[in-house]
Amino acid sequence: NNFTGKLTLLLLILLGALVLAEFLSRWSIVALEHLRQSTCDIPDMLFISGKEIVWPVSRIIEMDALCHNYQEMAVSLRRQFNELRQTRDSLFVSEKRFRSLLQDIHSVAVQGYGPDGTAQYWNQASERLYGYSAQEAIGHNLLDLIIPSEMREDFAQAIQQMAETGK
């Protein structure tokens, strides 16, 4: 009789522990699911749509710390992305200014070419000086376009040396 009572009490304690474990498990899973939903589209929310992320709040200390860490990471990523975007925009403006300067300078013929001598850039002064439009010159080798035949070998070696040494 005493043994049965103790066994019953033990069974009730075990059953209570299982119910409590189930409750705590569901509680933590709900918090984890909210965190998963909050973080699954972080790139879109941070960089494209600009929507604010609603971070879950949990009374589980570890879960709350995890949410806070994700939030700090998102803030840092957004800051770095904005810095990269500003740098890209500044670079674009600078490149546009530089290209405009090279294109519009009337007294200096400027050509850009690859390591094999293929023209990649041809400004207006080059068009006037050499008689080829940019469309005609780009994609063709400078050796064939503007270098006199007696200078082609030396020029080809100079291009090769610049490609190899950067000088």
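Modeller: Gladly! Accessible areas here come from the Shrake-Rupley method with a 1.4 Å probe, and for residues only the protein chains shown count as cover. By that method the protein exposes about 12,700 Å², with carbon and sulfur atoms supplying 61% of it. This is a predicted model, where local features need pLDDT of at least 70, side-chain atom pairs count only at pLDDT 80 or more, and totals for chains, interfaces and linings use all residues. Residues are numbered from 1 along each chain as its sequence is written, and side-chain values use heavy atoms, leaving out hydrogens and water.

Biologist: What pattern does the protein follow along the sequence?

Modeller: The pattern reads α-α-α-β-β-α-α-α-α, with 7 helices and 2 strands. Helices (H or I, at least four residues) and strands (E, at least two) are DSSP runs, numbered from the N terminus.

Biologist: How do you know how the radius of gyration of the protein stands against that of a compact globule?

Modeller: The radius is taken over C-alpha atoms, and the globule rule is 2.2 Å times the number of residues to the power 0.38. For 167 residues a compact globule would have a value near 15 Å, but the protein has 35 Å. Its C-alpha atoms fill a box of roughly 120 × 30 × 25 Å along the principal axes.

Biologist: Why does Q120 count as exposed?

Modeller: Buried means under 20% relative accessible area, exposed over 50%, and partly exposed in between (1.4 Å probe, protein chains only). Q120 has 54% relative accessibility, so Q120 counts as exposed. Q120 sits in strand β2 (residues 119–122).

Biologist: And what makes W122 buried?

Modeller: The relative accessible area of W122 is 1%, so W122 is buried. Of the 167 residues of the protein, 20% count as buried.

Biologist: How many aromatic pairs does the structure hold?

Modeller: There are 2 aromatic pairs. Rings of Phe, Tyr and Trp (its six-membered ring) pair if their centres lie within 6.5 Å; planes under 30 degrees apart count as stacked, over 60 as edge-to-face and the rest as tilted.

Biologist: Why is the pair of Y113 and F155 called tilted?

Modeller: Their ring centres are 6.0 Å apart and their planes are at 50°, so the pair is tilted. Y113 lies in strand β1 (residues 111–113) and F155 in helix α7 (residues 152–165), so the pair ties together parts that are 42 residues apart in sequence.

Biologist: What makes the pair of W122 and Y130 tilted?

Modeller: The centres of the W122 and Y130 rings are 5.8 Å apart with planes at 50°, so this pair is tilted.
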